[in-house]
Amino acid sequence: MKVILAIAVVLAVSAPAPVLAQQDYKPPTGPAPRTASGKVDFSGLWQKPYVPDLTKDGKDHKGLAELPFTPWGEADWKKYDAAEGDYTGACLPFGMTRSVNTPEPMQIMQSDTYFTFLFEQNSWFHVVPIDGRPHRKGEPTWFGDSVGRWEGDTLVIDTVNFNGRTRLDTVGHPHSDQLHLVQRFSRPDLGHISHEMIIEDPKTFTKPWKSTRTFTLRTDWEMMEHSCEENNKSLWEGRIKIPKR
Amino acid sequence: MRRPGVYNVGAMDMTRLVVGAGLAVAMSLPVSAHHSFAAEFDANKPVTLKGSVTKVEWQNPHIWVYLDVKDEQGRVQPWQCEGGAPNTLTRNGWSKDTLKFGEQVTIDGALAKDGSKTCNMRVVKLPDGRTVFAGSSGGDAPPKQ
């Protein structure tokens with residue numbers, strides 16, 4: 001009997017930890033906090049739903065099943081084959097939509113002048129002036145150029161000047177360098193952000209469309225280091241290819 | 001009995017395989033978006049590997065589990081399988097010490113497109129049926145056939 005008990009204790013101690021901690025988490029409750037200047041404060045570490053496909057609904061995400069492709073957009077989508085080149089697999093910058101889509105959390109830091117995305121995925125960041133200045137003129141970039149403005153308690157982040165080398169989601173829905181991305185942030189309560197992503201791209205889509213999702217404040221998490229290059233065996237061993245330009 | 005297109009390595013009772021597949025669907029929380037599943041793996045080539053762990057690399061952007069697997073002729077073949085992102089797995093309660101050297105595991109996953117002994121793992125099962133590393137790097141993979 002003692003032997004059986006001892007075996008049971010050993011098995012219990014060596015058993016892997018259960019994976020229920022995340023499901024048990026409840027975010028704090030209360031009203032949305034405000035900055036000293038009275039603006040809604042979005043600062044915090046946020047859990048985001050993983051959205052690998054913007055046409056599929058999921059927990060905390062609503063997409064659009066049929067994207068309004070132009071002929072160019074439809075053709076690009078149909079010919080896309082990730083096996084011929086995957087820029088994210090090659091650790092090139094994900095761009096804004098795919099950074100927001102990742103399951104890794106993001107931290108938001110906010111002042112009266114700036115709203116800053118700190119993405120855990122690949123330790124990337126994106127700084128958005130929200131003091132009323134216009135878009136900068138410059139070379140197109142992976143994340144584009146963003147400025148923010150307030151519409152009441154909603155912060156509207158407007159991004160243009162993308163280089164067109166990214167894709168909207170993991171399955172590879174396309175966009176062009178004409179992408180105009182609008183992100184609307186509101187905070188209905190302390191524990192949540194409501195986020196709308198409006199995608200306008202006249203080369204790829206016949207009309208604007210949107211993806212909506214909810215972010216959850218994680219007071220029990222801290223940001224962790226994340227390097228895409230640390231052990232990217234799939235690229236180094238030739239199973240993932242860098243896209244041709 | 002082997003289904004067409006399914007590469008089974010090692011003895012595997014079909015009942016347990018079906019149960020394992022069910023668990024795979026239930027437990028496959030997406031834990032990484034580093035790359036498209038289709039860039040590297042073929043959802044139409046599921047695989048079940050049974051072998052002993054030789055190494056675990058707990059590094060970004062994906063963990064890798066290495067194992068020795070006996071083929072049908074009894075020869076030991078080295079395999080490697082990609083898992084999720086270590087940060088998310090850590091938040092789910094796993095660690096680099098979850099699997100030990102020499103531990104016997106059964107991995108349910110999909111083969112790499114290049115024909116190498118490489119897989120994307122959906123579920124890692126221990127001999128007593130417990131699963132570890134719940135979640136896959138293939139969050140955008142097509143539904144299992």
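Trainee: What is the mean pLDDT of chain A?

Mentor: Chain A has a mean pLDDT of 92. Of its residues, 91% reach 70 or more.

Trainee: Where in chain A does pLDDT stay under 50?

Mentor: Start with the general idea. Where pLDDT is low, the predicted coordinates should not be read in detail. Here that concerns residues 1-21 of chain A, where pLDDT stays under 50. The model has 11 contacts beyond four places in sequence for this stretch.

Trainee: How many helices and strands does chain A have?

Mentor: There are 5 helices and 10 strands in chain A. Its C-alpha atoms fill a box of roughly 75 × 50 × 35 Å along the principal axes. Of its 245 residues, 33% count as buried.

Trainee: Which residues have the most contacts inside the largest nonpolar core?

Mentor: That core has 30 residues. Val65(B), Ile107(B), Leu111(B), Cys119(B), Met121(B) and Val124(B) have the most contacts inside it. S5(B) gives the most to this core, 5 residues. Take Val124(B): beyond its neighbours within four places in sequence, its contacts are Val65(B), Val105(B), Ile107(B), Thr131(B), Val132(B) and Phe133(B). Another core, of 15 residues, lies apart and includes Phe119(A) and Trp124(A).

Trainee: How many residues does each chain bring to the contact?

Mentor: Interface size is often given as the accessible area lost when the parts come together. Here, count residues: 33 come from chain B and 36 from chain A. On chain B, helix H2 (37-40) and helix H3 (86-91) are the elements that give two or more residues. By class, the chain B side has 12 nonpolar, 13 polar and 8 charged residues.

Definitions and conventions: Residues numbered from 1 in each chain as written. Chains lettered and ligands numbered in written order. Predicted model: local features only at pLDDT ≥ 70, side-chain atom pairs only at ≥ 80, totals over all residues. Contact = placed C-beta atoms within 7 Å. Helix = DSSP H or I, 4+ residues; strand = E, 2+ residues; numbered from the N terminus. Nonpolar A, V, L, I, M, F, W, Y, C, P; charged D, E, K, R; others polar. Buried ≥ 20, exposed ≤ 12 C-beta atoms within 10 Å, placed from the backbone. pLDDT = per-residue confidence, 0-100. Core = buried A, V, L, I, M, F, W, Y, C linked by C-beta atoms within 7 Å.
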